[in-house]
Amino acid sequence: ALSPLAFTAVLMAIVGIFAAGHEYRYGTIQPTLTAVPRRGLLMLAKILIVALTAVAVAVASMVVNWVVASVLSGDALTVGSAIIDDILGFLALTTGWSLLGLGLAFLLRGVPSALVIIFVTPLVVEPLIAALSNVPALDWLGGIVPYLPFAAGQRMLGTNQAFVDTDLGRWGSGAVFGVLITLVLAVAWVLFRRRDA
């Protein structure tokens, strides 16, 4: 909760990037498209596999955390209704990051540029915009800060660590993050269907 990025979500973003980026890096996209010439079907299959993998890894990480916390505390911890939103938020965040990584890799046709975007934007660009919004001459940036997509995604965890308190709430913030993911996947889908391999 105190880290700027959820480790599991970042890990799954990297898996998403590798799922498409390595196809371009090693030239295996051409044999893949020869075997599955319907590009839309191929991309849909990758989206489903990456999303299901992200959910499985997120659930496994929560189970491991629960077991470790139970052992360290000496009590059997229970999963109450109070943390169901936290669990769903973590699942949504992890899945969203994985799909964003996949979309960026398809869009940029490689691994390095997608990795740079996935790390630099939430760790440098968004905090810089939030910090600049405190400068009187740039106070108009304050209206943008609640809609910074990675920070909005982080608010799905319910930790309020993402720059500002906002009226968007957990799921409104998740919708902001979801819009970014949808846009990236939509543009990647269109370009993947039109560009040469």
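In which helix does Phe192 lie? Phe192 lies in helix H7, where helices are DSSP runs of H or I of at least four residues, strands are E runs of at least two, and both are numbered from the N terminus.

The model is predicted: local features need pLDDT of at least 70, side-chain atom pairs count only at pLDDT 80 or more, and totals for chains, interfaces and linings use all residues. Residues are numbered from 1 along each chain as its sequence is written, and side-chain values use heavy atoms, with hydrogens and water left out.

## Overall architecture

The secondary structure of the chain comes to 7 helices and 0 strands, and the pattern along the sequence reads α-α-α-α-α-α-α. Taken along the principal axes, the box filled by the C-alpha atoms is roughly 55 × 50 × 25 Å. Of the 197 residues in the chain, 39% count as buried; buried means under 20% relative accessible area, exposed means over 50%, and partly exposed lies in between, with a 1.4 Å probe and protein chains only. Contact is defined as heavy atoms within 4.5 Å. Among contacts between residues at least 6 apart in sequence, 72% join residues at least 24 apart.

## Helix packing

Two packed helices are described by the angle between their axes and the distance between the axes. Axes are lines fitted to C-alpha atoms, for helices over the stretch in contact, and the angles run from 0 to 180 degrees between N-to-C directions. A crossing is left-handed if the near helix is turned anticlockwise from the far one by less than a right angle, and right-handed if clockwise.

| Helix pair | Angle between axes | Axis distance |
|---|---|---|
| H1 and H3 | about 155° | 10 Å |
| H1 and H5 | roughly 160° | within 10 Å |
| H4 and H7 | about 25° | 9 Å |

Angles under 35 degrees count as roughly parallel, over 145 as roughly antiparallel, 65 to 115 as roughly perpendicular and the rest as oblique.

Helix H1 (residues 7–25) packs against helix H3 (residues 39–73) at an angle of about 155°, which makes H1 roughly antiparallel to H3. The crossing of H1 and H3 is right-handed. On the H1 side the contact is made by Thr8, Met12, Gly16, Ala19 and Glu23, and on the H3 side by Lys46, Val50, Thr53, Ala54, Val57, Ala58 and Ser61. These residues divide into 6 nonpolar, 4 polar and 2 charged; Ala, Val, Leu, Ile, Met, Phe, Trp, Tyr, Cys and Pro count as nonpolar, Asp, Glu, Lys and Arg as charged, and the others, Gly among them, as polar.

The axes of H1 and H5 cross at roughly 160°, and H1 is therefore roughly antiparallel to H5. This crossing is also right-handed. Here Val10, Ala13, Ile14 and Ile17 of H1 meet Ala114, Leu115, Ile118 and Phe119 of H5. The contact of H1 with H5 has 8 nonpolar, no polar and no charged residues.

H4 passes H7 in a left-handed crossing, and their contact comprises 18 nonpolar, 3 polar and 3 charged residues.

## The nonpolar core

A nonpolar core is a set of buried Ala, Val, Leu, Ile, Met, Phe, Trp, Tyr and Cys residues joined through side-chain atoms within 4.5 Å. The largest such core holds 38 residues, of which Leu93, Trp97, Leu100, Phe106, Ile118, Phe177 and Phe192 touch the most other members. At least two residues each are supplied by H1, helix H2 (29–35), H3, helix H4 (84–108), helix H5 (112–132) and helix H7 (169–194). The largest share, 10 residues, comes from H4.

Leaving aside neighbours within four places in sequence, Trp97 is in contact with Leu5, Ala9, Val10, Ala13, Ile118, Pro122, Phe150 and Phe177.

Phe192 is buried, with a relative accessible area of 2%. Not counting residues up to four places away in sequence, Phe192 touches Tyr24, Ile29, Leu33, Arg39, Leu42, Met43 and Phe106.

Phe192 and Arg109 are 83 residues apart in sequence and 9.3 Å apart in space, C-alpha to C-alpha. Arg109 is placed in the loop between H4 and H5 and counts as partly exposed, at 28% relative accessibility. Phi of Arg109 is near 60°, a positive value in a residue other than glycine.

Ile117 lies in helix H5 and is partly exposed, with a relative accessible area of 31%. Not counting residues up to four places away in sequence, Ile117 touches Leu104, Leu108 and Pro122.
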